[in-house]
Amino acid sequence: MTHDYTRDLELLAAEIPMNDRLQLLRDIPETEIHDLLMALFSKMEPHYLIVKTHGPDELGRDLVIVKKDSLGSDIVAVVVKRGDIRGKTVGDVTNLRKKVNAMLPKAAEHLSIEIADQIDMCFSNSSLLRTVYKKLPTTRVLVILVGDISGQGHERLFNEIDHPGFVDIRDVTWLDDQFLKHYPQVYFHGATVDFIQSELVKHEHRKSAINTQMQL
């Protein structure tokens, strides 16, 4: 049986004081946060399709998550915002509201048969998602705030969003909880740890194969 190295990392990460973990997340460079979120979401929901879409032509979407099950499909646009949002921080609330509202006009519409077919094709060939996602209407918006949001800021934002029922906001405390459970590598230079874990698993498999051959 393969050793659960991720569980070991989770226990190690849990020993780091929470305030230190939160600061580690806040200090992640903007150039890295989207890749780390992709890794996190892939661990949380391995059957969903996730693509990084950050760029000048993406209408504010940093990531797109395509959820599909027997009850239907959802296209979740992920908006990543760094820093805190307070009720008095008018500029931050306004800019985030504009981003979210830009994606929401189609949120209440049902997916057409054509769009549903495109989603099916994406799941059979995930590389198609990069070319198809721009045509997919957003059904939900997930705002990932790598920071804190005050109660007043939360209230102001939802009062100014066109369709607040289609928006979820998660702050850095939620992010810490999810990373701790699903991708604790983030606290130990994720890509490096992933490589080491992969090599350890390969070594265990080779060792097991040699032991099996010796027993024959």
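On a 1 Å grid over the protein atoms alone, a pocket is an open set of points where a 1.4 Å probe fits, with protein on both sides within 12 Å along at least five of seven lines, and its lining residues have an atom within 4 Å of a point. The structure examined here in these terms is a predicted model, in which local features need pLDDT of at least 70 and side-chain atom pairs count only at pLDDT 80 or more, while totals for chains, interfaces and linings use all residues. Residues are numbered from 1 along each chain as its sequence is written, and side-chain values use heavy atoms, with hydrogens and water left out.

The largest pocket holds about 320 Å³ of space, the volume being that filled by probe spheres set on grid points joined across faces, edges and corners. Its lining comprises 13 residues, and Tyr 48, Ile 65, Lys 67, Val 76 and Leu 142 lie nearest the centre. Two or more lining residues come from each of H3, S2, S4 and strand S5 (167-170). By class, eight residues of the lining are nonpolar (Ala, Val, Leu, Ile, Met, Phe, Trp, Tyr, Cys or Pro). Another five are charged (Asp, Glu, Lys or Arg), and none is polar (any other residue, Gly among them).

We turn next to the overall fold. The protein chain has nine helices and five strands, taken as DSSP runs numbered from the N terminus (helices H or I, at least four residues; strands E, at least two). Starting at the N terminus, the order of elements is α-α-α-β-β-β-α-α-α-β-α-β-α-α. Of its 216 residues, 38% count as buried, meaning under 20% relative accessible area with a 1.4 Å probe, protein chains only. Among contacts (heavy atoms within 4.5 Å) with a separation of 6 or more, 70% join residues 24 or more positions apart.

The largest nonpolar core has 27 residues, and Leu 37, Phe 41, Val 78 and Phe 179 touch the most other members. Such a core is a set of buried Ala, Val, Leu, Ile, Met, Phe, Trp, Tyr and Cys residues joined through side-chain atoms within 4.5 Å. Helix H2 (18-26), helix H3 (30-44), strand S2 (63-69), strand S3 (72-82), strand S4 (140-146) and helix H8 (172-182) each supply at least two of its residues. H3 gives the largest share, six residues. Apart from this core lies another, of 16 residues, including Met 103, Val 141, Ile 161 and Val 167.

Two individual residues round out the picture. Phe 179 lies in helix H8 and counts as buried because its relative accessible area is 0%. Beyond four places away in sequence, Phe 179 touches Leu 25, Leu 36, Leu 37, Leu 40, Pro 184, Val 186 and Tyr 187. Phe 179 and Leu 36 are 143 residues apart along the chain, with their C-alpha atoms separated by 9.4 Å. Lys 81, found in strand S3, counts as buried because its relative accessibility is 19%. With residues up to four places away in sequence left out, Lys 81 touches Asp 92, Ile 144, Leu 145 and Val 146. Lys 81 and Asp 92 are 11 residues apart in sequence and 9.3 Å apart in space, C-alpha to C-alpha.

Terms used:
Buried means under 20% relative accessible area, exposed over 50%, partly exposed in between (1.4 Å probe, protein chains only).
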